[in-house]
Amino acid sequence: MNDGGLFGRRVLVAGASSGMGRATALAAAGAGARLVLFARRADALTKLAEEIGAAGGQALVVAGDATDADAVGRAVDVAVREYGGLDALVNSVGTNVRERSLTDLSPAGWRELLSTNLDAAYVLTQAVLPTFRAQGDGLLVHISSSAAKRPDASGVGYQASKAGVAALAHATMEEERANGIRVSVLFPGFTDTPLVERRPVAPTPEQLAAALRPDDVARMCLAVMALPSRAYVPELLLYPSQP
């Protein structure tokens, strides 16, 4: 049972190669957690693991696609084999497309958004639940988007897929709470990550200066993970303080 704090905790971060996932992995390692880093780009994960190791932390690398059940299963298996279990999984997997308005969004773009943003969340959930059930304890943290709460210019496919992540999270919590499983959803607002490069119009320097940073989201992830297992955060909204 988790009585609070992150020292020695076993955390799998999906989407750890960049942005919010990378920031969360670094922050969790700095707080004493033992990490499994998962994403498609093995080179970026290896560099991150080396950075964590140089700072005295511990991180294992598993490269793969989050929509691939076998690949995600390997990441969970590594945590169980090397660390003896898994306390938390952070889902920071996500993408957007440049042609995102209804006028421009193609069927292929729609499918890409649903696959990367929503299918991955389902695959990650299904992969980790057996371990969490066996332990009688475990935390899933899904990073969604404020676009799922407040429509914006991010596009219908992105908003629909991120809203689906939230629905999946809440339904999972309803079904699994009796097994000691908790599921939280974070809804960050505009954040300066590599994803902004996919905007149809690049953000201005002034907009980026007012944006959240990945570290801000990481701090919220750590706050949720550090809570004792008797506590449960259904949702957490995080917005830039300036418009």
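Colleague: What's the handedness where α3 passes α4, left or right?

Modeller: The crossing of α3 and α4 is right-handed. Bear in mind that this is a predicted model.

Colleague: And what angle do α3 and α4 pack at?

Modeller: About 35°, and the axes of the two helices are 9 Å apart. Here α3 covers residues 69–83, while α4 runs over residues 107–135.

Colleague: Which residues meet between α3 and α4?

Modeller: From α3 you have Ala69, Val72, Gly73, Val76 and Val80. On the α4 side they meet Val123, Leu124, Ala127, Val128 and Thr131.

Colleague: Which residues form a nonpolar surface patch with Trp110?

Modeller: Leu102 and Val156 do. Together with Trp110 they have about 300 Å² of accessible area.

Colleague: OK, salt bridges. How many does the structure hold?

Modeller: Nine. One of them is between the side chains of Glu51 and Arg22, at 2.6 Å, N to O. That pair links distant parts of the chain, with Glu51 in helix α2 (residues 42–54) and Arg22 in helix α1 (residues 19–30), 29 residues apart.

Colleague: What does Glu112 pair with?

Modeller: Its side chain meets that of Arg198 in a salt bridge, 3.5 Å from N to O. Glu112 is in helix α4 and Arg198 is in the loop between β6 (181–188) and α6 (205–210), so to speak 86 residues down the chain from each other. As for accessibility, Glu112 counts as partly exposed at 32%, and Arg198 is partly exposed as well, at 34%.

Colleague: And which residue does Lys149 bridge to?

Modeller: Glu235, with the closest N and O atoms 2.7 Å apart. This pair also links distant parts of the chain: Lys149 lies in the loop between β5 (138–143) and α5, Glu235 in strand β7 (residues 235–238), and 86 residues separate them. Lys149 is partly exposed, with a relative accessible area of 38%, and Glu235 is partly exposed with 29%.

Colleague: Which residues are linked in a salt-bridge network?

Modeller: Arg9, Arg10 and Asp87.

Colleague: Switching topic. Where does Met173 lie, and is it buried or exposed?

Modeller: Met173 is in helix α5, residues 156–176. It's buried, because its relative accessibility is 4% and the cut-off for buried is under 20%.

Colleague: What does Met173 touch, leaving out residues up to four places away in sequence?

Modeller: Ile181, Arg182, Val183 and Tyr232.

Colleague: How far apart are Met173 and Leu139 in space?

Modeller: They're 9.8 Å apart, C-alpha to C-alpha, with a separation of 34 residues in sequence.

How values were computed
Residues numbered from 1 in each chain as written. Predicted model: local features only at pLDDT ≥ 70, side-chain atom pairs only at ≥ 80, totals over all residues. Heavy atoms only, no water. Patch = residues over 30% accessible without salt bridge, like charges linked within 9 Å, V, L, I, M, F, W, Y side chains within 5 Å. Areas by Shrake-Rupley, 256 points an atom, 1.4 Å probe, with all protein chains shown as cover. Salt bridge = Lys/Arg side-chain N within 4 Å of Asp/Glu carboxyl O. Helix = DSSP H or I, 4+ residues; strand = E, 2+ residues; numbered from the N terminus. Buried < 20%, exposed > 50% of the residue type's maximum accessible area, 1.4 Å probe, protein only. Contact = heavy atoms within 4.5 Å. Axes fitted to C-alpha atoms, helices over the stretch in contact; angles between N-to-C directions. Left-handed = near helix turned anticlockwise from the far one by under 90°.
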